[in-house]
Amino acid sequence: MLLRPQVKDFKIIGFYLGKLIIGFALFMIFPILLSLGMNEWAPLFDFLISFFFCLIFGLILNMCCYTDAGPGWSHGLIVVSLSWLVAGFFGAMPLFLSEHWNSFLDAYFDAMSGLTTTGLSLANDMSHMSYGHNLWRHILQFIGGQGIVVVVLSFFVQGVAGTFRLYVGEARDERVLPNIQQTARFIWIVSLTYLVLGSLFLAAAAMWDGMPLGNALFNGVCIFMAAFDTGGFAPYEQSILYYHSPLFEAVTMVIMLLGAINFRLHYVLWTGQRKEIWRNFEVTVLFITIMATFMLVATGLSNTDSYPTAVAVFRKGFYHLMSAHTGTGFQTIYPAEFINDWGSLSLFGLIFAMGLGGCVSSTTGGIKTMRLGIVAKTFANDVKYYVSPESAVFFEKIHHIKDVILSDKQMRSALLITLAYTALFFFGSAAGMACGYPFMDSVFESVSAAGNVGLSCGITSPTMPPVLKVVYIAQMWVGRLEFISVFALLGFVYALVRGK
Amino acid sequence: MRRIILLFFMACFLSLLPRVHAEAGQGVRVSSKELIDRAQEMDGRPVVFQGEVVGDIMPRRAVAWFNVRDQHQVIGIFAPRELIKDIVYRGNYDYRGDEVEVEGIFFRAAADLGGEFCIVAKNITIIQSGFLTPHPVSPVKRNLAVWLFGLVLCLLAIRAPMIAHLSRRRAS
């Protein structure tokens, strides 16, 4: 029997949602300060209006729904899924007010793309966008990559029972440290340390390539946030092609790879256990899939004679392969070139890499290499079972920080999530084809959206049908939260309507 | 009659001649959309591309990279440094950049430049100088921000005593 949610359930959800939205609002202080510093007065008021609206919403929710009760599992999942939708709304507000987006739906698309670290964009005329608005787009990726819940847990929530349930709702089930708040703070310490170092490296590379100091620093910070959080936004319309720099591309590749690695592995490496990187199951699978998919991409590019030299094949092919596999979405070619020049085999390799993604508990999207590895182990285990004597006993073991024996529950969970992602890719592809786009284009764009990658073959544009914008928004949201939180929200709504 | 017909065909031939020579020397006038959609066809051909200079000019020893935007997309331009010295304004939030006409060879994937999609410029002409673009603050936005600030202050003023009161009521 399905029980209808009670008033206390709404209060718990409203109270914690209010806290998360207040925390989200405080991040708008950064573009406000930048707009003040750069004398960008019109953007300043865009951000002030959005900041105040966001604060008002959060405060009213927090006050009206005040409760001492901690969130249960379902509350945590619902709060998380709702907070991403609501944060997307308030994140879109300053973008819409900037008049660089044709409609609020377009601005919401970009805000959700930023928060989910996808990187698909519907912005117009980014060459004339203010520093404040550009910074906000990249901060959205930084917040989304770390996780809105992780942000709030780190700084605004003290000793609240049930915070682990909020943490897990954001598709993070790995505890780096025993206490969830310590885990959240560690993630932020790692991220901020890499932010300083990574931004300086990128700025140095930009200055080496002729960019003036101020712009080099701004671009360094923005590109770092997009690369480490595997988001893929860039300050300019051409993405990384703008810089025309192999050095810049090389630095971004290293940062993308760092972002695609499990935060638990970062902790282990930070505490001096460097050998773990060679023994780790997930990293091994990631390395194998990068090599395998690059072989497909390189073979395809060679077959179509897309690039005149091996250097060009490596520079374009490997860069986009890394961008796809880490779920970043940086491009150094125009979207139409994927369809016009790359050929089916290269695109197949790229689509496969996009669907796979990086490591669990990282900033990437997609199925994740850990799950692929577990599915492969499950398959191997079943084959061994069928060819061996009946009395034989089997178990599969992997090394992930420590040796782990795979249970049936873990294998089933990996298979289910893989199937769910495949269904999501299928759904988006069908929607693209229903809107009149060709098969390969539709599959490419759907996998890119659902896998939170951000590479585009040209479908994503301001002239895209509104229904497809809504489909991609839903795919980005569901893909980022890895289904469970979204199902919890849908179940809550169903119980509200049909419960007793 | 035959002389008239012969003269007619000679006139047609002569009228075509200057255009043919101009295309071979000056290149085909193209948009960014044409370059991207017909990249294979245009690869290695002389082109003329017009647009606004946007972003940074990035000098690297004797050459420089910069980007030019027309109504569709932004294209990278690779040029010797002496060609860029007259470019003053670059398009950003505060300025509309210089409108330039770039004559050069288009490469879909320039072998000497690591596979870059670009125009290697032979000549750059400033068509129109850039200018400051003002962004006035809307009075509606200004007033709305002030009212919302007042509302936030009111909420903050009542929040703390309200939560303290609720906590006391629950404890009792």
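## A buried arginine, A:Arg315

A:Arg315 counts as buried because its relative accessibility is 10%. Buried means under 20% relative accessible area, exposed means over 50%, and partly exposed lies in between (1.4 Å probe, protein chains only). The model is predicted: local features need pLDDT of at least 70, side-chain atom pairs count only at pLDDT 80 or more, and totals for chains, interfaces and linings use all residues. Residues are numbered from 1 along each chain as its sequence is written, chains are lettered from A and ligands numbered from 1 in the order in which they are written, and side-chain values use heavy atoms, with hydrogens and water left out.

Which residues form salt bridges with A:Arg315? One is A:Glu249, with the closest N and O atoms 2.9 Å apart. A salt bridge is a side-chain nitrogen of Lys or Arg within 4 Å of a carboxyl oxygen of Asp or Glu. A:Arg315 lies in helix H15 of chain A and A:Glu249 in helix H11 (residues 246-259) of chain A, so this pair ties together parts that are 66 residues apart in sequence. Helices (H or I, at least four residues) and strands (E, at least two) are DSSP runs, numbered from the N terminus. Both A:Arg315 and A:Glu249 are buried.

The other partner is B:Glu116, where the closest N and O atoms are 2.7 Å apart. This pair crosses between chains, from helix H15 of chain A to strand E7 (residues 116-128) of chain B. B:Glu116 is buried, with a relative accessible area of 1%.

## Where chains A and B meet

On chain A, 53 residues are in contact with 52 residues of chain B. Contact means heavy atoms within 4.5 Å. The size of an interface is often given as the accessible area lost when the parts come together. Here the buried area is about 4,500 Å², and carbon and sulfur atoms give 60% of it. Buried area is the accessible area (1.4 Å probe) that two parts lose on being put together, summed over both. A:Met63, A:His244 and A:Tyr334 supply 16% of the area that chain A buries against chain B, more than any other three residues.

Across this interface, 21 residue pairs are in polar contact (both at pLDDT 80 or more). A polar contact is a pair of N or O atoms within 3.5 Å; within protein, one must be able to donate a hydrogen and the other to accept it, and residues adjacent in sequence count only if both atoms are side-chain atoms. Three helices of chain A give two or more residues to the side that touches chain B: H3 (41-64), H15 (310-325) and H16 (335-341). H3(A) gives the largest share, 16 residues. By class, this side of chain A has 28 nonpolar, 13 polar and 12 charged residues. Ala, Val, Leu, Ile, Met, Phe, Trp, Tyr, Cys and Pro count as nonpolar, Asp, Glu, Lys and Arg as charged, and the others, Gly among them, as polar.

## More salt bridges

How many salt bridges are found over all chains? The whole structure has 17. Between chain A and chain B the count is six. B:Arg60 and A:Asp209 form a salt bridge, with the closest N and O atoms 4.0 Å apart.

Within chain B, B:Glu34 forms a salt bridge with B:Arg38, the closest N and O atoms being 3.5 Å apart. B:Glu34 is partly exposed at 30% relative accessibility. B:Arg38 is also partly exposed, at 31%. Salt bridges that share partners join A:Asp125, A:Glu237 and B:Arg69 into one network.

## Nonpolar cores

The largest nonpolar core has 158 residues. A nonpolar core is a set of buried Ala, Val, Leu, Ile, Met, Phe, Trp, Tyr and Cys residues joined through side-chain atoms within 4.5 Å. A:Phe24, A:Trp136, A:Phe338, A:Trp342, A:Leu350 and A:Phe444 touch the most other members. H3(A) gives the most to this core, with 13 residues.

Leaving aside neighbours within four places in sequence, A:Phe444 has contacts that include A:Phe338, A:Leu350, A:Met354 and A:Cys457. A second, separate core has 28 residues, including B:Val30, B:Val47, B:Val100 and B:Phe106.

A:Ala449 lies in helix H20 (residues 439-450) of chain A. A:Ala449 counts as buried, at 0% relative accessibility. Not counting residues up to four places away in sequence, A:Ala449 touches A:Thr118, A:Leu120, A:Tyr472, A:Gln475 and A:Met476.

A:Phe379 is in helix H18 (residues 369-387) of chain A. A:Phe379 counts as exposed because its relative accessibility is 62%.
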